Amino acid sequence: MELDLFVRYGPDLLRGFGVTILCWIAGSLGGLVLGFAIACLYRWSIRPVRWVIEGYVELIRGTPFMIQLFILYYGGPYMGLVLTPVQAGIISFVVYGSPYFAEIFRSGFNAVPKGQIEAARCVGLSEARIMRRIILPQMLVPITAPLTNFIIILSKETAILSVVTVPELLYETQTMAAETFTYIEPFLVLSLFYWLMVIVTSWLGGRVEARVTRHLKRT
Amino acid sequence: MTTQTPSATAEALISVRNMSKSFKDFEALRDITLDVNRSEVVCLIGPSGSGKSTLLRCLNFLEAYDTGEVRLEGELIGWQEGTAQPRRRVAAGTLRRQRQHIGMVFQQFNLWPHLTALENVAEALIQVKGLGKKAAQEAAMAALAKVHLSDKAQNHPANLSGGQQQRVAIARAIAMEPRVMLFDEPTSALDPELVGEVLTVMKEMAAEGMTMVVVTHEMGFAAHVADRVAFLDKGRLVTLAPPADIFGREPDDPRVRSFLQTYRERNVV
Ligand SMILES: Nc1ncnc2c1ncn2[C@@H]1O[C@H](COP(=O)(O)OP(=O)(O)O)[C@@H](O)[C@H]1O
Ligand SMILES: [Mg+2]
């Protein structure tokens with residue numbers, strides 16, 4: 001293993017890792033927020049709005065992420081939307097993840113027994129309050145695992161951002177490989193970075209799950 | 001036995017007039033007229049599927065009744081006043097205010113499992129009545145004391161028996177100081193040895209003058225606590241009479257007779 005290569009390219013790789021983390025976290029958080037908004041909108045709106053939402057979900061889930069990214073980055077300028085690669089990467093990540101997050105939230109809403117919501121309405125709680133105090137805390141139990149899962153999947157999808165020259169981890173690794181004609185080592189290091197993101201995420205997910213299921217334990 | 005329909009009186013707390021409710025083309029309730037007076041206990045009995053739950057749920061607009069009226073102290077519940085058709089729902093905030101005055105207890109308790117008994121009771125006191133945290137906790141403790149559960153305030157529902165959970169649910173409702181309490185088979189999900197503790201609490205509430213509408217299969221409770229008993233069959237109010245007229249002698253209506261017969265048979269065996 002040629003250590004001096006890593007001394008030379010180390011800063012670039014780390015910067016790439018930083019960009020990957022940025023796109024991943026910003027994209028995941030944005031997707032979570034947008035997905036939650038979509039799920040809430042679906043829950044409370046009239047039928048025509050629901051059809052629009054269903055169409056959006058089908059459209060985004062039915063097309064590859066790379067195509068969505070291409071359309072946004074290369075097609076955007078034709079619609080007056082000029083974005084830097086990182087901006088395009090984050091926005092397309094938000095859009096791509098949102099329907100999956102929305103579906104997870106929707107299943108979470110449905111997991112809370114209807115009777116509990118009726119009981120809340122009977123004492124006069126508002127719908128917003130019911131969401132915050134009754135539904136949200138309980139739906140965290142069934143949705144934490146699928147959310148963690150999908151965020152892990154997203155962490156690896158960041159690699160696709162390299163196709164629009166986002167200087168993320170894969171992009172930097174490929175640069176290093178091309179310039180030095182070494183392949184095994186850079187990609188081993190690359191895997192190590194992804195693996196790091198995955199174990200941290202699943203550890204966090206486990207912690208959250210333990211926290212939100214506390215009340216279910218009989219003492 | 002003829003159907004007794006008390007004429008509308010000034011002091012009727014709840015007055016139901018010609019109320020009907022259909023699910024798609026299935027008519028679950030047909031032309032129900034019923035008054036519940038202040039401090040009165042009315043028990044609803046009848047075969048499964050006869051519309052007892054639907055009737056109860058129309059009273060607080062958990063189900064939107066189609067035609068007719070439901071009034072609490074003169075105020076139309078759920079629909080806007082006026083003759084315009086189709087009727088429009090009242091604003092969400094108005095419905096919340098109306099529901100505050102109508103306590104409801106369900107067969108399945110429907111406690112919020114992630115909150116303690118105290119939090120279950122205090123939640124609406126804080127959010128709906130606008131009490132401060134401390135005042136809400138005191139009021140919640142008082143409500144729990146009424147159902148004899150002061151010592152379980154910090155328990156989560158998972159650590160309460162069925163009877164205790166149902167009593168917390170009752171406390172949650174009475175803490176709002178409702179004008180009327182609706183019970184939908186409050187003891188049907190309980191092990192037999194736990195039924196008594198819930199019925200005891202309900203009897204105490206009745207004795208204190210709480211207005212109650214109770215769907216129940218506990219004929220003993222209906223016979224001894226109810227002021228009047230309503231018998232429903234296929235969505236119609238067949239009989240509305242004092243319990244003595246229904247349980248004390250052979251009822252005239254064959255539907256009531258055969259319904260009660262099934263209970264007698266079960267008790268005899
Ligand atoms: N949400 C609903 N949708 C369709 N049918 C319903 C609904 N709720 C109740 N029903 C029907 O209305 C009838 C009366 O139901 P219910 O009021 O629950 O009866 P009970 O409480 O007397 O057993 C039943 O036939 C039931 O299937
Ligand atoms: Mg029922």
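Which polar side-chain atom lies 2.8 Å from an oxygen atom of ligand 1? It belongs to B:Lys52.

## Basis of the model

This is a predicted model, in which local features need pLDDT of at least 70, side-chain atom pairs count only at pLDDT 80 or more, and totals for chains, interfaces and linings use all residues. Residues are numbered from 1 along each chain as its sequence is written, chains are lettered from A and ligands numbered from 1 in the order in which they are written, and side-chain values use heavy atoms, with hydrogens and water left out.

## Chain A

Chain A contains eight helices and zero strands; helices (H or I, at least four residues) and strands (E, at least two) are DSSP runs, numbered from the N terminus. The C-alpha atoms of chain A fill a box of roughly 70 × 55 × 20 Å along the principal axes.

## The surroundings of ligand 1

The shell around ligand 1 is formed by B:Phe23, B:Phe26, B:Ala28, B:Pro47, B:Ser48, B:Gly49, B:Ser50, B:Gly51, B:Lys52, B:Ser53 and B:Thr54. A residue counts as near a molecule or strand if one of its heavy atoms lies within 4 Å of it. These shell residues divide into four nonpolar, six polar and one charged. In this grouping Ala, Val, Leu, Ile, Met, Phe, Trp, Tyr, Cys and Pro are nonpolar, Asp, Glu, Lys and Arg are charged, and the others, Gly among them, are polar.

A backbone N or O atom of B:Ser50 lies 3.2 Å from an oxygen atom of the ligand. Taken alone, ligand 1 exposes 560 Å², and the protein buries 59% of that; accessible areas come from the Shrake-Rupley method with a 1.4 Å probe, and for residues only the protein chains shown count as cover. Strand 2 (26-37) and helix 1 (52-59) of chain B are the elements that give two or more residues to the shell. Helix 1 of chain B gives the most, with three residues.

## The interface between chains A and B

In the interface, 24 residues of chain B are in contact (heavy atoms within 4.5 Å) with 21 residues of chain A. The size of an interface is often given as the accessible area lost when the parts come together. Here the buried area, which is the accessible area (1.4 Å probe) that two parts lose on being put together, summed over both, is about 2,100 Å², and carbon and sulfur atoms give 59% of it. B:Arg96, B:Trp112 and B:His114 supply 27% of the area that chain B buries against chain A, more than any other three residues.

## Salt bridges

A salt bridge is a side-chain nitrogen of Lys or Arg within 4 Å of a carboxyl oxygen of Asp or Glu. Three salt bridges are counted between chain B and chain A. In one salt bridge, the side chain of B:Glu123 meets that of A:Arg129 (3.2 Å, N to O). B:Glu123 also meets A:Arg133 in a salt bridge (2.8 Å, N to O). A:Arg133 lies in helix 6 (residues 127-157) of chain A and B:Glu123 in helix 3 of chain B, so this pair joins two chains.

How values were computed
Polar contact = N/O pair within 3.5 Å; in protein donor to acceptor, adjacent residues only side chain to side chain.
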